[in-house]
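User: I would like to learn how to read a structure that is new to me, one feature at a time. Could you give the general idea for each feature and then show me the case here?

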Amino acid sequence: MSTFVVNRQSEVRVDFASARTVAKEVHALLKLGRRHFNVCFVSDREIRGLNSRFRKKPVATDVLSFPWESAKESREKSSGGGFKNFLGDVVISPRTARRNARAEGHSIRTEISWLILHGVLHLLGYNHETDNGEMTALELSLRDRLRPVHRARDKA
């Protein structure tokens, strides 16, 4: 698996070792095999611009997903190339993640781990806005499987 974690912001300190570990855990939990994704941390300003441009919502959000190809296109294409197993990018605003974590009473590390999971589920074609709770139920069950690892780290 070659998941890249990149930082394009300087507003909030991010634990990149933890983010890489979470990306690997999500990869294993979702049984992605050779498929991979990237995680990119950006400023509130940048994610607001992306959200405005691609979703017509001019506000900062916590996470956006940018699939390389739709799930249907991925199944239909058999060509190789460097992006054959690439799912896409998960873009996270640590500043918004920190606000959300404080409001919910957990750590930013936990919030970011959940956002990585949430973003990858979107890359796989899940859509909580239209699927009658399927994505939410799956996400919550997978969060429970990530949670013990991150609770122990959060106390450190």
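Predicted model: local features only at pLDDT ≥ 70, side-chain atom pairs only at ≥ 80, totals over all residues.

User: How should I read burial, and what percentage of the residues of the protein chain count as buried?

Analyst: A residue is called buried under 20% relative accessible area, exposed over 50%, and partly exposed in between, using a 1.4 Å probe and protein chains only. Of the 156 residues of the protein chain, 39% count as buried.

User: Which residues of the largest nonpolar core touch the most other members?

Analyst: A nonpolar core is a set of buried Ala, Val, Leu, Ile, Met, Phe, Trp, Tyr and Cys residues joined through side-chain atoms within 4.5 Å. The largest one here has 27 residues, and those touching the most other members are Val26, Leu30, Phe37, Phe41, Ile92, Ile116 and Val120. At least two residues of this core come from each of helix 1 (16–29), strand 2 (36–42), strand 4 (86–92), helix 5 (108–123) and helix 6 (134–155), and helix 5 gives the most, with seven residues. There is also a second, separate core of five residues, including Cys40, Ile47, Leu64 and Val91.

User: With which residues is Phe41 in contact, leaving aside its neighbours within four places in sequence?

Analyst: With those neighbours set aside, the contacts of Phe41 include Val5, Val6, Phe16, Ile92, Pro94 and Ile112, and also Asn7, Arg8 and Gln9.

User: How is a pocket found, and which residues lie nearest the centre of the largest pocket?

Analyst: On a 1 Å grid over the protein atoms alone, a pocket is an open set of points where a 1.4 Å probe fits, with protein on both sides within 12 Å along at least five of seven lines, and lining residues have an atom within 4 Å of a point. The largest pocket is lined by 22 residues, and Arg55, Val63, His118, His122 and His128 lie nearest its centre. Its volume, the space filled by probe spheres set on the grid points, which are joined across faces, edges and corners, is about 470 Å³. Helix 2 (44–55), strand 3 (63–67), helix 5 and helix 6 each supply at least two residues of the lining.

User: Is Glu139 buried or exposed?

Analyst: Glu139, which is found in helix 6, has a relative accessible area of 7% and is therefore buried. Not counting residues up to four places away in sequence, Glu139 touches Trp114, Leu117, His118 and Leu121. The C-alpha atoms of Glu139 and Leu121 are separated by 7.8 Å, although these residues are 18 apart along the chain.

User: What polar contact does the side chain of Thr61 make?

Analyst: A polar contact is a pair of N or O atoms within 3.5 Å; within protein, one must be able to donate a hydrogen and the other to accept it, and residues adjacent in sequence count only if both atoms are side-chain atoms. The side chain of Thr61 makes such a contact with the side chain of Asp62 (3.5 Å). Thr61 lies in the loop between helix 2 and strand 3 and is buried, because its relative accessible area is 16%.

User: Where is Lys56, and what is its phi?

Analyst: Lys56 also lies in the loop between helix 2 and strand 3, and its phi is near 60°, a positive value in a residue other than glycine. Lys56 counts as exposed, because its relative accessibility is 67%.

Methods
Residues numbered from 1 in each chain as written. Heavy atoms only, no water. Helix = DSSP H or I, 4+ residues; strand = E, 2+ residues; numbered from the N terminus. Contact = heavy atoms within 4.5 Å.
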